[in-house]
Amino acid sequence: MNKYLFIHLEVQDGTRKHDHRVLHITKAKNINFAAERYVATFWGYSSRPYKGDWWYVGEIAIRLKRVVKLTKSEYNLINRVMNG
């Protein structure tokens, strides 16, 4: 069964920080696992050398700020709002 997620990421590229908010559909049983996997592959393959919050790919660092499970209706509504 599909799970509908809203994922909020913080990305640091050198001195520049910015947030990404994405909608994601997964079949994973654990939404935190699904969100961490999304972070790990967001900018290509990344690694988390320390048990901290940040994933690294070259000079780019990515952190999962939050993940929220949505209903299909909420997902569709937010998708329409985000994509005009």
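Modeller: Helices and strands are here DSSP runs, numbered from the N terminus; a helix needs at least four residues and a strand at least two. The structure above is a predicted model.

Colleague: With that definition, how many helices and strands does the chain have, and in what order do the elements run?

Modeller: The chain has two helices and four strands. Read from the N terminus on, their order is β-β-α-β-β-α.

Colleague: What are the overall dimensions, and how much of the chain is buried?

Modeller: Along the principal axes, the C-alpha atoms fill a box of roughly 35 × 30 × 20 Å. The chain has 84 residues, of which 33% count as buried.

Colleague: Let us turn to helix 1. Which of its residues are buried, and against which strands do they pack?

Modeller: A residue is called buried when its relative accessible area is under 20%. In helix 1, which spans residues 31–41, this applies to I31, A34, A35, V39 and A40. These buried residues pack against strand 1 (3–13) and strand 2 (16–26), and also against strand 3 (54–57) and strand 4 (60–70).

Colleague: What does the side chain of N30 reach at the start of helix 1?

Modeller: There, a side-chain oxygen of N30 comes to within 2.8 Å of the backbone nitrogen of N32.

Colleague: How many aromatic pairs does the structure hold, and which residues do ring pairs link into a cluster?

Modeller: Three aromatic pairs are present in the structure. One of them joins Y38 and F42, with 5.9 Å from centre to centre and 45° between the planes, and is tilted. Ring pairs link Y38, F42 and W43 into a cluster.

Colleague: Why is the pair of F42 and W43 edge-to-face?

Modeller: Planes over 60 degrees apart count as edge-to-face. The planes of F42 and W43 stand at 65°, so this pair is edge-to-face, with ring centres 5.8 Å apart.

Colleague: What relative accessibility does F42 have, and what is the relative accessible area of W43?

Modeller: F42 is partly exposed, at 23% relative accessibility. W43 is also partly exposed, with a relative accessible area of 36%.

Colleague: Finally, how many positive and negative side chains are there?

Modeller: The chain carries 15 positive and 7 negative side chains, and the centres of the two sets are 10 Å apart.

How values were computed
Residues numbered from 1 in each chain as written. Predicted model: local features only at pLDDT ≥ 70, side-chain atom pairs only at ≥ 80, totals over all residues. Heavy atoms only, no water. Buried < 20%, exposed > 50% of the residue type's maximum accessible area, 1.4 Å probe, protein only. Contact = heavy atoms within 4.5 Å. Polar contact = N/O pair within 3.5 Å; in protein donor to acceptor, adjacent residues only side chain to side chain. Lys, Arg positive; Asp, Glu negative; His and termini not counted. Charge placed at Lys NZ, Arg CZ, Asp CG, Glu CD. Phe/Tyr/Trp six-rings, centres within 6.5 Å; stacked < 30°, edge-to-face > 60°.
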